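Hi there,

Here is the structure I promised to pass on to you. Have a look at it first, and then read my notes below.

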Amino acid sequence: MLSCWEMSEMGSDIIDHNLSFNSRMAVMMHIGMCRHCRRYIKQLSLTSKVLKSLPLPAQPQDIARVLAALEKEERN
């Protein structure tokens with residue numbers, strides 16, 4: 001059976017469904033018996049969904065444009 005540490009190390013692969021059949025079965029068995037890891041995986045999944053729903057950060061050229069505009073305003 002997987003340890004809680006192994007579960008935490010596999011967290012991203014678990015929520016991204018990047019596991020072999022045997023690993024999936026081991027994860028399911030552990031989650032079935034460990035409420036702490038069950039909670040951890042749910043929280044990790046929710047965090048991933050929220051982060052994926054956020055808009056992408058400004059691109060470097062956008063930041064450079066904003067900085068140039070601010071410098072121009074400071075000179076005026």
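**What I found**

L67 is partly exposed, with 47% of relative accessible area. Please keep in mind as you read on that this is a predicted model. L67 belongs to helix α5, which covers residues 60-75. I also looked at how L67 sits relative to N22: the two are 45 residues apart in sequence, and their C-alpha atoms are 52 Å apart in space.

Another pair gives a second distance to look at. S48 and S12 are 36 residues apart along the chain, and 9.0 Å separates their C-alpha atoms. S48 is a residue of helix α4. Is S48 buried or exposed? With a relative accessible area of 17%, S48 counts as buried, because the cut-off for buried is under 20%.

The largest nonpolar core has 12 residues: L2, M7, M10, I14, I15, L19, A26, V27, I31, C34, C37 and I41. Which elements give two or more residues to this core? They are α2, α3 and α4. Of these, α3 provides the largest share, with three residues.

- The positive one is formed by R35, R38, R39 and K42. R39 is placed in helix α4, which spans residues 35-53. Its relative accessibility is 43%, so R39 counts as partly exposed.
- The nonpolar one is made by L46, V50, L51 and L54 and has an area of about 390 Å². V50, one of its residues, is also found in helix α4. V50 has a relative accessible area of 41%, which makes this residue partly exposed.

Most residues other than glycine have a negative phi. H17 is not a glycine, yet its phi is positive, at about 60°. Where does H17 lie? You will find H17 in the loop between α2 (11-15) and α3 (21-33). H17 is exposed, and its relative accessible area is 71%; the cut-off for exposed is over 50%.

After that, the core residues from α3 are worth a look.

Happy browsing, and do write back with your thoughts!

Best wishes

Notes:
Residues are numbered from 1 along each chain as its sequence is written. This is a predicted model: local features need pLDDT of at least 70, side-chain atom pairs count only at pLDDT 80 or more; totals for chains, interfaces and linings use all residues. Side-chain values use heavy atoms; hydrogens and water are left out. Patches are made of residues with over 30% relative accessible area and no salt bridge: like charges are joined within 9 Å, nonpolar side chains (Val, Leu, Ile, Met, Phe, Trp, Tyr) within 5 Å. Accessible areas come from the Shrake-Rupley method with a 1.4 Å probe; for residues, only the protein chains shown count as cover. A salt bridge is a side-chain nitrogen of Lys or Arg within 4 Å of a carboxyl oxygen of Asp or Glu. Lys and Arg count as positive and Asp and Glu as negative; His and the chain ends are not counted. The place of a charge is taken as NZ of Lys, CZ of Arg, CG of Asp or CD of Glu. Helices (H or I, at least four residues) and strands (E, at least two) are DSSP runs, numbered from the N terminus. Buried means under 20% relative accessible area, exposed over 50%, partly exposed in between (1.4 Å probe, protein chains only). A nonpolar core is a set of buried Ala, Val, Leu, Ile, Met, Phe, Trp, Tyr and Cys residues joined through side-chain atoms within 4.5 Å.
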